[in-house]
Amino acid sequence: MMFFPPIVPGAGVVRAHVTGPAPQAVDRLLAQLDRDLSGRRAVAVMYFASSVYDPADVAPVISAHFPEAVVIGCSTAGEFTDLHNGTGGISAVALPDGLITQAVAVLGELAGDAGDGTAVAVRSLEDALQVQLRHLDPAHHLGFVLIDGLHGSEEQVNEMLGNAAPLLDFVGGSAGDDFAFQGTWTAVGHEVSYHGAALMVCRTAVPFRVVKSCSFTPTGRLLRITRADAASRTVLEIDGRPAAEAYADALGVSADALDAAWTEYPVGLIIDGQPWVRSPQAVTPDGGLRFYAEIMPGMEVEVMQAGDLIAETTAALRRTRAELGGRPGGAVLFNCCLRRKEIDAKNLSADFVAALGGVPSAGFHTYGESWLGHVNQTLTGVVFGPPGEA
């Protein structure tokens with residue numbers, strides 16, 4: 001756990017990106033951040049590292065370099081800034097004193113019961129802040145969450161955070177490992193966990209907005225989940241029929257062709273007219289469907305249809321910029337790895353960077369996105385207003 005007191009205002013988001021072997025890459029990353037901080041102090045630093053890096057070569061070095069900052073990070077399925085998008089590197093963002101005035105972070109261990117581990121982490125945050133999270137002013141406080149991406153703990157973590165702080169935004173993503181699906185990690189300071197969640201709460205010095213971009217529209221085809229195993233994220237029956245068979249019929253394809261169609265036609269839980277996407281992962285041997293996010297029995301979901309990822313991302317960030325007066329101080333963004341696959345397949349990497357609109361920002365391609373729950377095929381993030389306009 002790390003905690004530091006308020007400090008004086010400074011500048012906007014500072015971001016960096018590097019590739020190459022450690023330790024040289026880490027040294028260059030730190031040099032870039034130092035250069036652009038220009039002597040200002042970072043209150044918090046977040047970094048996102050490809051699984052080609054050993055966290056022992058990254059976490060302690062970055063943490064030691066910023067002894068007065070709260071430092072959190074995780075492994076990825078790709079890294080990006082508003083200047084670069086790729087894989088095999090490290091992206092980082094420093095939040096200076098002009099954007100936030102206080103930060104607290106803890107590493108929650110989820111290897112036992114994820115709910116219990118999150119509860120312990122929340123109590124540690126509250127002990128450091130000397131106030132319950134639910135009593136923080138949500139206009140001036142913000143949470144970030146980086147969660148292990150392989151053990152299916154995201155729903156429990158987000159549910160516990162929602163219960164502890166129902167009005168506070170916790171935004172983030174699930175750590176990746178470049179599609180190896182072998183092991184992901186999260187870190188706070190020099191501590192690293194392969195089944196944990198890095199939780200950070202910031203007191204902001206400027207207005208901010210949460211951004212959510214999802215380039216899917218409802219098709220009107222409703223599916224009622226009649227049998228499911230929520231723990232394994234597996235839907236067994238849809239409308240009383242084997243799930244894969246019913247879903248294939250809804251998409252107008254054969255069951256054998258499902259895996260080629262479902263990234264274009266995932267399902268969405270529609271809340272207040274907005275889709276919260278759950279993406280299929282695999283057909284199970286008994287004809288069920290395993291998803292990347294939890295679907296509960298009794299849910300009614302709708303088949304979604306893919307639209308223009310770049311256009312929707314551009315529009316979402318423009319709307320958010322407009323809400324902040326058109327002059328944001330920077331952003332931290334979390335983009336689904338399935339969106340990254342689409343970006344790669346359609347050669348849209350440069351367009352994705354351009355869609356960020358020149359807002360100084362950094363982020364990573366995730367194994368799932370967090371905001372008000374756990375979703376897929378979505379971009380979530382936080383856009384900060386300009387320094388000096390709290």
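1. Helix H7 (309–323) gives the most to the lining of the second largest pocket, with 5 residues. Helices here are DSSP runs of H or I with at least four residues, strands are runs of E with at least two, and both are numbered from the N terminus.

2. This is a predicted model, in which local features need pLDDT of at least 70, side-chain atom pairs count only at pLDDT 80 or more, and totals for chains, interfaces and linings use all residues. Residues are numbered from 1 along each chain as its sequence is written, and side-chain values use heavy atoms, without hydrogens and water.

3. The second largest pocket holds about 350 Å³ of space. A pocket is an open set of points on a 1 Å grid over the protein atoms alone, where a 1.4 Å probe fits, with protein on both sides within 12 Å along at least five of seven lines; lining residues have an atom within 4 Å of a point. The volume is the space filled by probe spheres set on the points, which are joined across faces, edges and corners.

4. Of the 19 residues lining the second largest pocket, Lys212, Ser213, Gln274, Glu312 and Arg319 lie nearest its centre. Besides H7, strands S14 (208–213) and S19 each supply at least two lining residues.

5. The largest pocket has about 600 Å³ of space. It is lined by 27 residues, and Glu155, Asn158, Glu159, Gly373 and His374 are the closest to its centre. Helix H4 (154–164) provides the largest share of this lining, 6 residues. Strand S19 (274–278) also gives two or more residues to the lining of the largest pocket.
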